[in-house]
Amino acid sequence: MREHQLDELRQELDEINLKLLKLLNDRAALAKRIGEVKQKQGINKFDPERERAMLETIVKHNDGPFTDDTVRYLFKQIFKASLDLQQTSQKKTLLVSREKQAADTVVDIKGTLVGAVKPQVVAGPCSVESEEQVFEVARALKEQGIELMRGGAFKPRTSPYDFQGLGEEGLKIMRKAADEFGLKVISEIVNPADIEMAEQYVDVIQIGARNMQNFELLKAAGAARTPVLLKRGLSATIEEFLFAAEYILSGGNSQVILCERGIRTYERATRNTLDISAVPILKNESHLPVLVDITHSTGRRDILLPCARAALAAGADGIMLEVHPNPAVALSDAKQQIDIPTFDTFIKNLRASRLLDEKPAIVR
């Protein structure tokens, strides 16, 4: 008789479990829809006031036998699971995500492939200062077999009194040097209105760290059909970085290269803190190619080589660094640029590591 009663109670418990499961899934589906509405309206998914109000209402109707604290704990776990579901669901719909595209994106810069098997090196002066300066660097790149030349014509500077670049004239110099030595041009654009003009001269539009969340610039870059190199913001999370890239892809431009360039932390031994872990995370979560700017992340000539090796070993699709004929007289970033003989030695030593031959396989 007692065994029969126990079986009945257990059967009743099993039925309640299934009802709870259905109710939990119904709640999850509703939470997911709420998350989609919040995303469209630009509202934060986590609303502490709303969560507090729901808990108060639930506890108010608690008749036991669970204590109020137990009820709070249980429902907080449900709330957390729902929030996680919203975030996971949103990530899976992003154009930049691996869930959307499993295969790696390879950006074709007029025959130079970024994101393919062989890593690339991007090098050049911080700022375009003169035709003589750019031509000297371009010649050095050509001699080393480097195909991608960087250089700033529009320079967003911390101080309004610092050198701001030569503007369109600087782009013309870059284009002239690139055509002379068979290189491709990467240069930063800071004003959405300048993108159409810049496309006459550059092969890749760079959006710098200080403009990573310049949303009008991101939208304009998305409407362009020139490849974009997007740098991570000074204090941006990886999620914010990927959302910035999403702006560009959602505008129709799928040719985007991500660039880790160090983030601002309390550490003062380097200019920024190179987040090496960001490389495999970005490669796992996104299909976009990833470069590492070893100059801006470190600000130190003496550790460029080990940081370059670390970046490539972590799976980066290439590195970026600054080269100047005479860094001592450079109009910007004088302390962190390297001269041409040092650059030649750097490339020689990096090639000796064999890391420029082929990217290491990444197990996902």
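This report describes the barrel, a helix pair, the cysteines and several loop residues of a predicted model.

## Basis of the values

The model is predicted: local features need pLDDT of at least 70, side-chain atom pairs count only at pLDDT 80 or more, and totals for chains, interfaces and linings use all residues. Residues are numbered from 1 along each chain as its sequence is written, and side-chain values use heavy atoms, with hydrogens and water left out.

Helices (H or I, at least four residues) and strands (E, at least two) are DSSP runs numbered from the N terminus.

## The barrel

Eight strands form a closed barrel with parallel pairing, in the order β3-β4-β5-β6-β7-β8-β9-β10. Two strands count as paired if DSSP finds at least two bridges between them. On average, neighbouring strands of this sheet are turned by 25° against each other, direction ignored. Strand β3 (residues 120-124) runs parallel to strand β10 (residues 318-322), and five bridges join them. Along this pairing, V121 stands opposite I319 and G124 stands opposite E322. On the sheet packs helix α12 (residues 340-352), which touches β3 and β10, and its direction makes about 165° with that of β10. Such angles run from 0 to 180 degrees between N-to-C directions, with axes fitted to C-alpha atoms, for helices over the stretch in contact.

Strand β9 (residues 290-293) is also parallel to β10, through three bridges. The bridge partner of D293 in β10 is M320. Strand β4 (residues 148-150) pairs with β5 in the parallel sense, again over three bridges, and there R150 stands opposite I186.

Buried means under 20% relative accessible area, exposed over 50%, and partly exposed in between (1.4 Å probe, protein chains only). G318, M320 and E322 lie on one side of β10 and I319 and L321 on the other, so that both faces are covered.

Strand β5 (residues 184-188) is likewise largely enclosed, because five of its five residues are buried. K184, I186 and E188 point one way from β5, while V185 and S187 point the other way.

## Helices α4 and α5

Two packed helices are described by the angle between their axes and the distance between the axes. For α4 (residues 131-143) and α5 (residues 168-181), the axes come within 9 Å and cross at roughly 35°. The crossing of α4 past α5 is right-handed, a term for a near helix turned clockwise from the far one by less than a right angle, with anticlockwise giving left-handed.

On the α4 side the contact (heavy atoms within 4.5 Å) is made by E131, V134, F135, A138, R139 and K142, and on the α5 side by I173, M174, K176, A177, E180 and F181. These residues divide into seven nonpolar, no polar and five charged. Ala, Val, Leu, Ile, Met, Phe, Trp, Tyr, Cys and Pro count as nonpolar, Asp, Glu, Lys and Arg as charged, and the others, Gly among them, as polar.

## Cysteines

A search of the whole structure finds zero disulfides, a disulfide being a pair of cysteine sulfur atoms within 2.5 Å. The closest cysteine sulfur to that of C126 belongs to C259 and is 13 Å away, too far for a bond. C126 is buried at 1% relative accessible area, and C259 is buried at 0%.

## Loops and backbone geometry

Most residues other than glycine have a negative phi, and most peptide bonds are trans. G64 and P65 are joined by a cis peptide bond with omega of about 10°; P65 is in the loop between α2 (48-60) and α3 (68-93). K110 has a positive phi near 50° and is found in the loop between β1 (107-109) and β2 (112-114). K110 counts as exposed, at 63% relative accessibility. D333, in the loop between β10 and α12, also has a positive phi near 50°.

A102 is in the loop between α3 and β1 and is exposed, with a relative accessible area of 62%. The C-alpha atoms of A102 and N284 are separated by 9.8 Å, although the two residues are 182 residues apart along the chain. N211, in the loop between β6 (204-207) and α7 (215-223), is buried at 12% relative accessible area. Leaving aside neighbours within four places in sequence, N211 is in contact with E188, V190 and L217.
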